[in-house]
Amino acid sequence: SIPSDITCVADYEALAKDYIDTPVYEYIAGGSGNEQSLRANIEAFQSVQLVNRLLVDCSAGTTATQLLGQSFRHPVLLAPVAYQKLVHPLGELETARAAEALDTCMVTSTLSSCTLEEIAQAHQGNRWFQLYFQVDRAHTLDLVRRAEAAGYSALMVTLDASIQASNRRAKRAGFQFPTAVRPENLQRYQPPQQVTLSTDQSVIFQGAMAEAPGWSDLEWLLANTSLPVLVKGVLHPNDAKQLAAMGVSGVVVSNHGGRALDGVPSAVHVLPQIRAALGKDVTVLADGGVRSGYDVFKLLALGADAVMVGRPLLYGLAVAGALGVAHILRMLRDELEVCMALTGCPTLQEIDRQCLWHSEQETN
Ligand code: FNR
């Protein structure tokens, strides 16, 4: 059950420490490098301020929206988060139940600890699949076909994590994957052959990057699926433009929760530029550091069509399983509705830069 003194997502974050073994907690909470980006994700929201508006009729208000031609009741999605059995014995299945109960889109990770087919059975609503390119194209294609067959209605291709950045906190705490927590989707594929590098070769360049996808792989993917494709991990407007020109349906402005390249800015900082580069018609999602409905509202005002939460779902899952994840979604939504009502935005379409306070506020 849900502890009665929980009032917000941050309460779950604090409480989760009592429910998760320390090394696992450090693995989840930690970021890469010296965690500059991880901190930026939280701090950036503090520098954005809202403006309330008076006497606006919001009695017909709604958070309903369309993304990729699909209907959503709320603009908050569950981000792809690997290995959810780290914090709950049923892992992704519990998250899927919460998504089902609250009519939320769950994005299933390639590295889920239940199979994508099992997760699909637990969640009939909107579900998307997060794809990591596999070293062997046949394996990538098989994952795509399985996702299509299981009723996933979009692919979110994550491209910012070709190299596993070191998570120093996890390392110091001695984190290791329990043998029972495995990438279940990949068990049926033969692991790629280990490349032996000579002493003058680099594990980064001749190792990881030699196997990393390139633009041609993305082109190949677009030619081989009829599902809409979003690319996750976009931070540069030129990448965003090139992706849109290739026929990608949307981008996710994300620094991987501060777990990929450390030192990059948060979505709060780069979203306006990415939206400006893409115009109105391309779907733009954002994530990183969203811990309240106020944060959701701020990202929408800065140009996102919808947002995702990562760590909060794991904290809810650890504390109270499906109920905890559902509770987190509920609180985010309620707070978003408060923001909309008091800023005078009855629908998501009205949420824009005008809702934010700028020191030289234009008045209109
Ligand atoms: C992630 N994230 C992630 N992203 C992805 O595309 N595929 C994945 O398998 C994972 N796995 C994963 C595991 C853990 C433990 C974390 C914390 C994050 C990144 C995730 O989708 C999202 O971008 C961030 O979590 C968003 O930041 P917040 O909400 O955690 O601050």
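Predicted model: local features only at pLDDT ≥ 70, side-chain atom pairs only at ≥ 80, totals over all residues.
Leu 55 is exposed, with 5 other C-beta atoms within 10 Å. Residues are numbered from 1 along each chain as its sequence is written.

- Most residues other than glycine have a negative phi.
- Leu 55 is not a glycine, yet its phi is positive, at about 65 degrees.
- Leu 55 sits in the loop between helix H3 (36-46) and strand S1 (65-67). Helices (H or I, at least four residues) and strands (E, at least two) are DSSP runs, numbered from the N terminus.
- Asp 103 also is not a glycine and has a positive phi, of about 55 degrees.
- The loop that holds Asp 103 runs between helix H4 (92-101) and S4.
- Asp 103 is partly exposed, with 13 other C-beta atoms within 10 Å.

- Strand S5 (residues 127-131) is largely enclosed by the rest of the structure, because five of its five residues are buried.
- In a regular strand the side chains alternate between the two faces of the sheet.
- In S5, Arg 127, Phe 129 and Leu 131 point one way, while Trp 128 and Gln 130 point the other way.
- Strand S4 (residues 106-108) runs parallel to S5 and is joined to it by three bridges. Strands pair if DSSP finds at least two bridges between them.
- Thr 108 has Phe 129 as its bridge partner in S5.
- From S4 the chain passes through helix H5 (residues 116-122) to S5, in a right-handed β-α-β crossover. Right-handed means that, with the strands pointing away from the viewer, the path from the first strand over the helix to the second runs clockwise.
- S5 also pairs with strand S6 (residues 155-158), in the parallel sense and over three bridges.
- Met 156 in S6 stands opposite Gln 130.
- Helix H6 (residues 137-149) carries the chain from S5 to S6, and this β-α-β crossover is right-handed.

**Strand S8 and its neighbours**

- Strand S8 (residues 250-253) is covered on both faces. Gly 250 and Val 252 are buried on one side, Val 251 and Val 253 on the other.
- Four bridges link S8 to strand S7 (residues 229-234), and the two run parallel.
- Lys 232 is bridged to Val 252 in S8.
- The chain goes from S7 through helix H10 (residues 237-246) to S8, and this β-α-β crossover is right-handed.
- S8 and strand S9 (residues 283-287) run parallel too, joined by four bridges.
- Gly 250 faces Thr 283 in S9.

- Val 248 lies in the loop between H10 and S8.
- Val 248 is buried, with 21 other C-beta atoms within 10 Å.
- Val 248 touches Val 229, Leu 230, Val 231 and Leu 243, leaving out residues up to four places away in sequence. Contact means C-beta atoms, placed from the backbone, within 7 Å.
- Val 248 and Ala 101 are 30 Å apart, C-alpha to C-alpha, and 147 residues apart in sequence.

**Core and helix packing**

- The largest nonpolar core has 105 residues. Such a core is a set of buried Ala, Val, Leu, Ile, Met, Phe, Trp, Tyr and Cys residues joined through C-beta atoms within 7 Å.
- The residues with the most contacts inside this core are Val 251, Val 253, Leu 271, Ala 286, Leu 299, Ala 304 and Val 307.
- H13 gives the most to this core, with 17 residues.
- Not counting residues up to four places away in sequence, the contacts of Val 251 include Leu 230, Ala 240, Ile 274 and Val 284.
- In helix H2 (residues 22-29), the buried residues are Val 24, Tyr 25, Tyr 27, Ile 28 and Ala 29.
- These H2 residues pack against helix H1 (9-19), helix H7 (168-172) and helix H13 (311-343).

**Ligand shell**

- There are 22 residues around the ligand, and Ala 82, Thr 158, Gly 257, Gly 310 and Arg 311 come nearest. A residue is near if its C-beta atom, placed from the backbone, lies within 6 Å of the molecule.
- The shell has eight nonpolar, 10 polar and four charged residues. Ala, Val, Leu, Ile, Met, Phe, Trp, Tyr, Cys and Pro count as nonpolar, Asp, Glu, Lys and Arg as charged, and the others, Gly among them, as polar.

Definitions and conventions: Buried ≥ 20, exposed ≤ 12 C-beta atoms within 10 Å, placed from the backbone. Contact = placed C-beta atoms within 7 Å.
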